Structures are given as C-alpha cells and as structure tokens.
Amino acid sequence: MRQRITYIQKPSAPFHPSQTTLTHDALSVESLDAAREERVTFSFDELPSELWQVLRQCHQLHIRWASEKVYEAVSPFSSRISPGLHVFYSPVDAGKAKGDNEGREPVCTLLKKVFDDGLRCESPEESFITPPILSTRFASTAGYQFHQLLPSPENLVTYIQHKFCPMDDDKCRQRAASILSADAVDINYDSISHALTMSGYWSEAPGGQGWTEIIGKHEGGTDKVEVGLLGAEQASEPEEIKMGGLLAVVGQDEELKPTLFSFPSRHHPLPEDAVYSVSFPTPTGMHPTMTISISREALNEPPGRPDATCALHAYLTLPSTLFGDKYQLSTTDPLFLKSHNLAALRAVAGETDLEAPDWFVSRWGSNWLLELASPSESNQVAEVWNVTVPLHLRYLPPSESGYRTASVPWPVVFWACTAEDGTKMGMNPFDRVNLGWEGLFGPRTMFYQLHPSPTRENGVLMEGLEVPVLTLKENGGVFGGRAIELGTVAVISLGFLWVLWRLGLVARSSGIRAQQKRDADKRNKAE
Amino acid sequence: MASIFKRASTIYGAAIGLRVILLFYGAWQDAHSAVKYTDIDYMVFTDASRYVSQGQSPYARDTYRYTPLLAWMLLPTTWAIPGFFSFGKALFALADVVAGWLVAKSLVLTHGMSPERALKYASFWLLNPMVANISTRGSSEGLLGVLVVALLWAVLNRRVYLAGVLLGLGVHFKIYPFIYGVSMLWWLDDTRTKTGTGTGTSESREPEPKSRATSNEDDRNGGTPVGVSQIISFVTPCRIRLALTSLLTFAALNAAMYARYGTPFLQHTYFHHLTRIDHRHNFSPYSTLLYLTAASSANATGLTGLRGPSGSFESLAFIPQLLLSVVVIPLVLGKKDLPVTMLAQTFAFVTFNKVCTSQYFLWYLIFLPFYLPTSSLLQNPRLGITVAALWVIGQALWLQQGYLLEFLGVSSFVPGLFLASLGFFAVNVWILGVIVGDAGGLTGAEKGKVE
C-alpha cells in the first residue's frame, strides 16, 4: 500500500520550518494551513476478494465523487466535476459482465454496496449512458458513464472501515473517517496497472485550524510513504506548472529535501475572481432555463501562446428529470445562439428522448458539452455575461402536494485551449483524467477552470427545481385517482350516449319518413 | 360570367396573396428574431429530408412519425439554393389553395350551388387565416386537407379508382382517413353509381341503412334471413373496386416503404400511435387519466397507500371512438349527406381520441364549407354564435390552465386541466349532436332549402 500525501500552500499562507518534524519513522505536521491530497495505491493482493472479483471484469473503472459544497480547487488540483457520484466503466470484454453467485450484476451490486443502496443502478447496459467516443485512437473515454447525486461519502467510509481496517485498528478507522470531510474523492482502476488508487482532496483542514497530524511509515516498512509540502511557482512555459517546496519519504529520508520541478499540465488555475454562478430564473414552469452568469474577469482568454486558440465551455450533467432538446441546441442559427450566448453544442450523450416521462427513462440522465460564446471585448460586458441554456422537464410521477423537486448539479465551466504540439500531459505526477468532459477534447488541450461562486448562503452547487405534477392525495379526496377515473368514464359515456341518442333520433325520423313514403307509394300504386 | 370569373380570381388571388405574404413574413421573422415563425414540425420534416438526401433513413430524426413520402417530397428543401428551405411551406400552402378549389368544385356537385356561391363557402377555408397560418408555418396538415377533399371530389364524380388510390394514400399518410372508407363504401350504392338511370325511385334503391331497416323490419319480407340478401346486394362491383384499389394502394405503399426502411418505418409511422408513452397534457378528455395510469402502472408514484385506477378504461377508449366514427355515424348519415357525414366522423374521431392537439382541428375544418350552407348554425345565428363562443371559451379555459402549468409551473393538472379538458369535450360532443341533427334533418334545415 503506497501512500502519497501532498500539502499545497498558497503563497500567502504562513509556513515556519518548526511546523514539520521528521523523525526516523514519522513526519509530524502542525497547524499547517494548506490544501491536502492523499493518494493510496493498493496492489491486487491487498484488496478484499469481493472487490477484485469485480475489478477483474473491468478494463477500467474510474469513480469520481465531488461534494455539493463549494470548495477551492488549488493548482495542480484545479480540475472540477459537477457534484455527485460519477462512474466511468469499461468492461474487459465487450460482452456482459458475469453475475455473482446469486446472479446479480456485479458492477452495480458493488457500487450500491460501497456508495449507496439507493443508486438507480441495475446494470451498465441498462443504467449507464454511453458517451460519444471522440476518437477510438485515444480511447481515453470509458465506454459507460453513470452519475447520481450523493451528498455524502459516508457509505464509502463504512465500507472501507469494514473491509480494509483490522477489527481493533482505530487509527485506520479514523483515517477512513477523514474522507467524510473531503471535498472530492477519486478511485481509479485499470487492467494494465492492476492497481487500485484512491485519492481524497481537502481544500482545507476540517475545523479551520490547519493540518495537525503524524504520518507514520508503512507498517511493514515495505511500501513508500511520500510527503510533499509544495507551493506553486511562476512557470516559464504556458503549458507548465512549477512547484517548489519540500519532499520526504517517511522512514527513509533523514530530512525534508527542498525541491523545484515543473511539468506540463492539462489543468490550470484561473485568478480567484474568474467565477460563475448558476440559477434558474423563476417561474421555471415546465421549460426551465439554466442561466450561467460569468464574471467579467473570467471572460479574458487565459494567458498562453499567441497561436493558441481558446474557447469557453460548459459541461452539463443533467438528471433524467431534465433534458435539453438536442435539435434545438445543435442549431447553427446565429440568432438563436446569440440570444442565448451559446456558440455550439459539441457533444451530447444519454437520455435525450424528447417525450418520454421520467418513469420510462431507465438511464440516469445526460451530459452536454456546450461551447459558449464570449464577448469579443470583455470590457464591453457591464457586470456579468449571462449564458442561457433552454431545458425541458419530464413528467414526473404524481405526488400528494402536486409538486416534486428535481435537483440539478451545477455544470462545470472552463476555457479549453490548444497546447503546443508534443506536449505530454501524462508526465504530470498530479494529472487527473476521466472526468467526463476532458476526454471529449484532444490529448493536447489545456483546461482553465472557472470557480463556482454560489449566490446562496449555504454554498451548495445545486439547484432545486419545483416540478408541477398531478396532485394525488393518499386518502382519495375530491380529485383522487378514483374520482379522476370515474369522472372521465362518466363524462365520456354521457357524451357517447348523447351522440348515440341524436343519431337514434335521426334514424327513427328517417325511418318514419321512409315508411310514410312507402305508404304513400303503395297508396299511389293502389290507385 | 364575367363577374363570376372576376370574383373567382379575386378570392383565389387573395388566398394566394395571403399565403405569399405569410411566407415572406415568416422568412423575415425567422431571419430577424430568435423566436421563429416556422413550426418545430417543419424542422423535423426538413431534418428527415436531409438524412434522406445523405442516403440515410428519415427515421434517423427523432420524432419523425410520418411516411417517408413526406421527407422525399421535401427533398428540395435540402438543395443549397436560397429560399428553397421554404419549398415545403410553399407546397403546403399550395395544397391549401388546391383543397379550397376542390371544395368549391365539390360544393357545386353536392349542393347544386352556383360556382359563385360555392366559392363563397369555400372561402371559409381559402381565406381562413388559421389555415393559411398553419400551412405557411410548415405543418403538413394542409396536405391531408387536399388529399381528403380530393377523395371526396373523386367519389362524388364516381371516379372510383382515383378515390381508392387517394384513400389508400391518405391512410398511408395519417391513418385516420380510413374512417372515410366506410362512409364512402356505404354511400356508393347503385343509385349513385348507375348514373343516368333517372333520379331513382325508392324501389330501385339498394339496401337502406341498417337502422332504418330494423325500424320497419316487419314491413320487409319477413321470412328470409335479413343478413344474407342485404350482404349480397351490398357487394356491388363499384364497392369492390373502391375497397380493392384503396387496400392495394395502402399495401403497396407500405410494402415499398417497409422494403426501403424496414421496421423503423412501421414503428414510427404506425405502431408509435398504439404504444405511445408521452402523456403530456392535451385537449383529450383522457389525458389526466392516462397520466395517472401510466405513472401507476410503472409503479412510479412511490406512495404506498396510493392506488392507481382499478379499471383499465383507457384501453377501451377506442370503442366509443370507433363505434361512432366508423359504424354508427356512417350508417345513419352516410346516404343523406356524404361530406357532412365525413365532418361528423372526423369530429367524433378527434373528440373521442386519446390524444388531441389543435392541429387535429384542421382535420374537420376542411368540411365546414359543406356543412355551413344547410346548418342550423347559420340559420339560427343565436345558436351559431353560442356554438362558436363555447368552442372558443372551452379552448381558452384549457389554454389558460396549460399556461399556468407550462410557463408558471403551477400544478394545474387537477382540477384545472382535468375539468377544462372534460368541459371542452362536453362542448365538442354537444356540437357533434347539433351536426348530427342537422345532417339527419332533425332541425328542419333541409338540404337545398338555402339554394
């Protein structure tokens, strides 16, 4: 079990060498004001059997979870995803994964066990969407994709405590519990490395007093425990990120070693005031409009090479309750696009049926990569630049109140710029891929993430939409299910009978007339 | 004569002018506003045409639920010639005008009207802004209008083969015209087919409508089984020709389309209407019930104590609808007045349908010129105004509830939309009763009186 802990300090954060003490078997840090990433790598034989039974059938499995609370994503961890649980999965064979001994589908069974029993997951074929693969040459995108809102990773913590921690190991249990305060969790497995890595990201120490902890060396002394105390420096190349600070391998190094290194990076930070917020102007009706308000500072093209081309994008993760009309959004009509400040729909995957009610939709929802228009001169923009995305609600099942809530995670908004030929992003020790959106671009693309800035006090990156549905009281009521049925039947039957009666009158009167005529004819003949 | 000609050119000129203006206005609005004049359906048709032009299936376009003929017909919209995108709208608008012209021609036949007077009634269609608006926005309903009225015209002129082809084509296009097959077969008895054999006395008439036959059964030759002789006399060469031509046309078109596009053609053109799962609110009285049953059959409510409807009445909805539009209305009215029978059939079909949107109203609007001359709605203006007002108010109430739901997000399904759709249904059913009465001569508004 290899372990890597990285503290990232902002230039403004205080640091004094006395805050760290390295002994022969442990590093202790005290009140360190920093963001923190911890990455743990398990080899195959360190995993519980129920886990590797499933992983064996995976070509790749990447799980991303992000908190719905706003957090700061510092460089080199500046990439973002929409809140919730994201799963990217490719099976070993194109065929169906083998069921467990009870015949249940293994991937969903495991996901439910680890994250939440209530996941709407039956099998990858039924519940996952298949994102468009931009180029099979890169194949960086997984075959199946899943998303569901998940407010807390508490089930994951319990799972780790049960399956990874020895019965009486309180330290292990506490470390697992620290995930509860993480802002993001990544789990990666692929069949090439045969290793499972799990990493957590904390934008700050829980409690706000800085990090105070003792990082011991590996129990068996066999696996590395690396610690870095780093800060971002000014890089010389636009593609690169430069980090400087102190590094140590616990149990091996005598002292913290100063370091300064740079590497090309996919993800780059933007200034703090490059922010966006998301809202749905009321009344939302059945056709809510997602409004992405972008600050003026975020509209400047990221600094880069003069020959680089950049475009502003938004990547939407929509639950099945809500969808876009792909025909409407993929239009090239300049008037429509201009009125919404959109440039183009670049990619769409998942449930895009325009008519199906929610209960007929088996997959979790859809993903949309939209290129946004940016003003030609950012100083022309008074306050904020509003991009609007027209969306539509599906019919939801009836409820007692006549309303149901559809929760929509905020999209991620970023600039994507071309990088110089030959840039190798994979050299980055902090590289992060399989986020859903980055695979839709070529491998030499740089991303500059805008910072979400919630307008509400609770700081949640989620919007709740009130969806009108059929009101149905459990105890009947004047317009209960029974009354609707009987009312409909009665009115239609009455209407039907009324028309039949009119037709009957017509038939009778023409019958009488025919009779009269026939009688008259007979009389004429007789005469 | 000169005045008639002048009048005709004025009306057709106005009808064409109105549509040309709307076409240009639409192009202007589309080019200058993000809110488009063009109907969303037109985008579906033209997208499908684009797929066809690229050698793909028109069903590659979601929600394309029409015959491939439509996508083929609109292929010129894919040509990169300025203005040709509107080709389809111009075609639909032209179809409108031709339909109006056929209405005028048919009125001369059915009502013995002077061409001038016929044109006056045809203007209800030709100069109707709603009709011109719908076709110039690019809705294909106008195409149905011309098909249906051409069918009527062909039957009135005893052009049986032409009628059969048109009927087969119409049903292939939009299914519902099959209801006219019944009334036309019924109407085409010997007196109508043997032209020139005099006006025909009651003795020479072929079978009377069943209802009439039963009302004076004792008067008939009591001994023989009623069915056999009637069935035999019903089967005339003319009826066989119509039935066979229409069936052959329908089958040939479907076979050709199936051979070309396979199952998606059948699925989207026909089966979709049987298995549709979208229960967005619409004018149909069934819509609330369908929402309720669909959600509870999918067990989606999540409310434990909540029972869905116990019966499955909505699956029997076709019974009153087809009984009226295919059986009783054609039998009772068919021989009295063919166009008004067709109006009543369409009215019943639309009113009792499980789905009903405002486009469907166009289906019966085409027959209005045939009904109005003898209708009590014009002879009794108070009744006419009441009918028109109730029809408009019924729709307005529904639309207001729909607006609350769609745009303001108010849960207006019950009681709002539920009662509004039942109310609108009641109004329509009452109007249907009036039409039936007029066609059956109950109100004393006999045909020809006006003339």
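The model is predicted.

**Disulfides**

Over all chains, the count comes to 3 disulfides. They are listed here.

| Pair | S to S | Torsion about S-S | Hand |
|---|---|---|---|
| A:C165 and A:C172 | 1.9 Å | about -80° | left-handed |
| A:C310 and A:C417 | 2.0 Å | 115° | right-handed |

With bonded cysteines counted along chain A, the pattern is 1-2, 3-4, 5-6. A:C58 takes part in no disulfide; the nearest cysteine sulfur, that of A:C108, is 11 Å away. A:C58 counts as buried because its relative accessibility is 0%, under the 20% cut-off.

A:C310 sits in strand β17 (residues 310–319) of chain A and A:C417 in strand β24 (residues 412–418).

**Around A:C108**

A:C108 belongs to helix α2 of chain A, and A:C121 to the loop between α2 and α3, 13 residues apart. A:C108 is buried at 1% relative accessibility. A:C121 is buried, also with 1%. The loop between α2 (106–114) and α3 (124–127) also holds A:S123. At 3% relative accessibility, A:S123 is buried. Beyond its neighbours within four places in sequence, A:S123 contacts A:E105, A:C108 and A:F128.

**Nonpolar cores**

The largest nonpolar core has 182 residues, and A:M290 and A:I294 have the most contacts inside it. Its largest share, 16 residues, comes from helix α22 (residues 413–439) of chain B. Domain 2 (275–468) and domain 3 (479–514) of chain A each give at least three residues. Outside four places in sequence, the contacts of A:M290 include A:V278, A:F280, A:L316, A:V389 and A:P411. Another core, of 57 residues, lies apart; A:L27, A:W65, A:C121 and A:L229 are among its members.

**B:F349**

In chain B, helix α17 (residues 338–351) holds B:F349. B:F349 is buried at 10% relative accessibility. B:F349 and B:S325 are 24 residues apart in sequence, yet 5.7 Å apart in space, C-alpha to C-alpha. B:S325 is also one of the contacts of B:F349 beyond four places in sequence, with B:Y176, B:L322 and B:W363 among the others. Elsewhere in chain B, B:C356 is buried, with a relative accessible area of 4%.

Note on methods
Residues numbered from 1 in each chain as written. Chains lettered and ligands numbered in written order. Predicted model: local features only at pLDDT ≥ 70, side-chain atom pairs only at ≥ 80, totals over all residues. Heavy atoms only, no water. Helix = DSSP H or I, 4+ residues; strand = E, 2+ residues; numbered from the N terminus. Buried < 20%, exposed > 50% of the residue type's maximum accessible area, 1.4 Å probe, protein only. Contact = heavy atoms within 4.5 Å. Core = buried A, V, L, I, M, F, W, Y, C linked by side-chain atoms within 4.5 Å. Domains from an automatic or database assignment. Disulfide = S-S within 2.5 Å.
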